[in-house]
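Trainee: Before I use any labels for this fold, I would like to go through what each label rests on. Could we take them one at a time?

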Amino acid sequence: MTEQEWEQLLQIKTAGRDDSQSDGEHHPYEPTDYSVLERLANSGYIRKKDTLVDYGSGKGRVSIFMTYQTGCRSIGIEYDERLWQKAMVNAKSAAARSRVSFILADAAEYELPDETDCCFFFNPFALHTLKRVLGQIFDSLQRRPRPLRIFFYYPYEDVEDFLNHHLRLMAEESIDCGDLFDGDEKEKILVYSLRSSL
């Protein structure tokens with residue numbers, strides 16, 4: 001299905017890039033392509049019993065789509081109030097099934113709910129901020145040890161290098177999306193499982 005067809009089916013408006021609030025720490029809003037989200041939903045990594053947190057959720061596409069496709073509970077974290085307000089409007093769609101919530105917060109200070117077992121990132125912020133976010137995730141795992149996976153779509157080289165050398169992250173098989181975009185090798189979703197402790 002095309003982007004427009006998905007938007008109509010889900011009864012949401014998430015298209016369009018927005019860099020009005022971007023800076024050195026926060027990257028522009030750019031929605032994840034629906035074809036990529038279909039790959040993630042069909043991967044089997046995220047199931048109905050799971051709780052997914054989307055960091056830098058923008059207008060809410062990832063949260064609403066993944067809930068619609070997998071039945072999971074989803075929480076979107078967004079620091080830009082204008083984008084968050086648009087997500088709140090989109091959350092009224094039937095596709096959200098009352099299983100999607102959006103929180104206006106700084107991801108680096110957001111305390112991850114202890115029932116979370118999946119986290120999604122599409123380059124929402126700089127590596128410096130990502131390290132602080134991972135600290136919050138590790139704090140949650142310390143409070144309640146459990147399996148947890150993180151997904152990084154189209155990661156920058158420095159981010160991928162950092163993740164691949166992190167002692168508490170174990171790389172799993174990535175989800176290849178290169179065939180969707182003329183064989184672009186960067187088009188992939190990296191998948192990591194987290195160790196509760198070292």
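Trainee: What makes Met66 count as being in contact with residues beyond its neighbours within four places in sequence?

Mentor: In this predicted model, contact requires heavy atoms within 4.5 Å. Leaving aside neighbours within four places in sequence, Met66 is in contact with Leu37, Leu40, Ala41, Ile46, Leu52, Gly71 and Cys72.

Trainee: Which residues have the most contacts inside the largest nonpolar core, and how many residues does that core have?

Mentor: The core has 30 residues, and those with the most contacts inside it are Ile46, Met66 and Phe151. At least two residues each come from α1 (3–10), α2 (34–42), α3 (61–70), β3 (100–104), β4 (118–121), β5 (149–153) and β8 (188–194), and the largest share, 5 residues, is that of α2. Apart from this core lies another of 27 residues, among them Cys119, Phe125, Leu141 and Ile150.

Trainee: Where does the label "domain: Methyltransferase" come from?

Mentor: The label comes from an unreviewed UniProt entry, which lists residues 53–141 for it. Over that range the chain is 39% helix and 20% strand, with the end C-alpha atoms 14 Å apart.

How values were computed:
Residues are numbered from 1 along each chain as its sequence is written. This is a predicted model: local features need pLDDT of at least 70, side-chain atom pairs count only at pLDDT 80 or more; totals for chains, interfaces and linings use all residues. Side-chain values use heavy atoms; hydrogens and water are left out. A nonpolar core is a set of buried Ala, Val, Leu, Ile, Met, Phe, Trp, Tyr and Cys residues joined through side-chain atoms within 4.5 Å. Buried means under 20% relative accessible area, exposed over 50%, partly exposed in between (1.4 Å probe, protein chains only). Helices (H or I, at least four residues) and strands (E, at least two) are DSSP runs, numbered from the N terminus. UniProt positions are given in the numbering used here, feature names are shortened, and annotations may be inferred rather than shown by experiment.
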